[in-house]
Amino acid sequence: MTITTAVIDLDLPGATISRHIYGHFAEHLGRCIYGGFWVGEDSPLPNVRGIRSDVVDALKAIRIPNLRWPGGCFADDYNWRDGIGPRELRPRMVNSHWGDVVEDNSFGTHEFMDLCELLGAEPYVAGNVGSGSVAEMSDWVEYLTRSDDSPMAALRRANGRDEPWRVPFWGLGNEAWGCGGNLRAEQFASLARQYATYSRNHGANSLYRIAAGANAGDLHWTETLMRSFDDLTSDPAGHAGPFQAVSLHYYTMAGSWSDKGDATGFSTDQWNVTMARARQMEELLTRHSTVMDRYDPHRKVGLVVDEWGTWWNVEKGTNPGFLYQQNTLRDALVASVHFDAFHRHAERVVMANIAQTVNVLQAMILTDPDTGALVLTPTYHVFEMNSGHQDAAALAVHLLDAYTRTVEGNEFSLVSASASVNGNTALVSLSNLDAETDCTVVLDLRGRDVLGHSARVLTASTLDAHNTPERLDAVSPAAHAGVRTHARGLEVDLPAHSYVTVSLDLR
């Protein structure tokens, strides 16, 4: 048994942890939209205007703050005009990126906005820079957000929506270094300024424009975008410029891009590699933030991690272009590690979007195509257990005597932790990344009196435990009795491969 001390000053709140780092991503990919969110109005499954009701209810329960759509790579092949008007008249298209299937465009702009309203989530629309045009994107913004009798507002009304929608988040392309155009950083920086200029604010709707950013450790891409701004150093309260944020994409896997490792049946060594690589998100945030700080010392420009999560080999017998994978306890701990990193970088990281919400990659929800059953994944439970961090003030957690492991030349702590405070409550999140060894964490709680506490644990007997239609709760949160008072605060038992949250009542 190892013992680690975590020092937390409860009276020293830091930056606000934006609820938007708990955002989600839904692409026209596999069964994410069709068979996930969208079942159609004639489906025997309960639905509201074709949107599956139990999926909506499950996501509302974890307080989904935003949803990114329509991609991903799909976004840069997508013409929004193909997804409006009567469904039976909408043109079809080939989804060349994901399975080479024919898309009938029955889920389009109105359906997506309806979904966001049902979820109570803010829309994040990814515009087409790769194959679209400036005018096309400008018209889409006008169609969505303008209230008078402009041409696009009139077209929206003709399609059944009188009032404009509020669309706060707008993506300027996606992965412009790859599927979004194979552009050089310098090419895209100029395009981002141009597209941002014509993605206009209409009425009271103010766009938060997010330029397609770097792939993992590509610091040159981030620096090129930051250099494209006008002077960001002079006025702390001034506007950022043509766009307000840049994005970052990073996926966690146990192997290479050609053989990423299997979602289940993996070894302890593969578990360790996965945890080490998940921990690299911290380094990426630090390095990209450092580049941004050089040009933007007042931190006017946000960093948006709008694609992150695990990426495994697809499940055997499924379409390789649909990216369907099982979701285990390992995925849950990858999520908890990422959230700890996002919390620590709350001054710069303003949004994050896990890939993806339903039936694709590190999903919250899996829907069974044969029975219609809905399965909540272990990753879903991390989002739920962490919901108290949304819009709370980050608290620094200083780990003392943390035990470490070195994997692929990188040393990392096997305990991951973060904390936040909101009024008279605080939430501490703790992960034991060791596959085999239990540990104890002493919470050295300073600055405020702790009047009471409660704790929950997410773990399982095997590393690849997961939920299925036959065993919906194989991995699910339970009350955690392994918390005791200590002279410094509390003593918390962390079983091997577990995630624990401790809620504190404060005075």
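Hi everyone, let's start with helix α2, residues 109–119, which packs against α3 at an angle of about 50°, their axes being 12 Å apart. Axes here are lines fitted to C-alpha atoms, for helices over the stretch in contact, with angles from 0 to 180 degrees between N-to-C directions. Helices are DSSP runs (H or I, at least four residues), numbered from the N terminus.

α2 and α3 are therefore oblique to each other; angles under 35 degrees count as roughly parallel, over 145 as roughly antiparallel, 65 to 115 as roughly perpendicular, and the rest as oblique. On the α2 side, Thr 109, His 110 and Met 113 make the contact, meeting Trp 140, Tyr 143 and Leu 144 of α3 (contact means heavy atoms within 4.5 Å).

A word on the source: this is a predicted model, where local features need pLDDT of at least 70 and side-chain atom pairs count only at pLDDT 80 or more, while totals for chains, interfaces and linings use all residues. Residues are numbered from 1 along each chain as its sequence is written, and side-chain values use heavy atoms, leaving out hydrogens and water.

Now follow α3, residues 134–145, to its other partner: α4, residues 151–158, packs with α3 at about 55°, with axes 7 Å apart. So this pair is oblique too. Residues of α3 in this contact include Tyr 143 and Leu 144, and α4 brings Met 152 and Leu 155, among others.

Which residues line the largest cavity? They are Tyr 78, Asn 79, Trp 80, Asn 128, Ser 133, Glu 136, Met 137 and Trp 140. A cavity is a set of points on a 1 Å grid over the protein atoms alone where a 1.4 Å probe fits but cannot get out, and lining residues have an atom within 4 Å of a point. Thanks, all!

Note on methods:
Helices (H or I, at least four residues) and strands (E, at least two) are DSSP runs, numbered from the N terminus. On a 1 Å grid over the protein atoms alone, a cavity is a set of points where a 1.4 Å probe fits but cannot get out, and a pocket is an open set with protein on both sides within 12 Å along at least five of seven lines; lining residues have an atom within 4 Å of a point.
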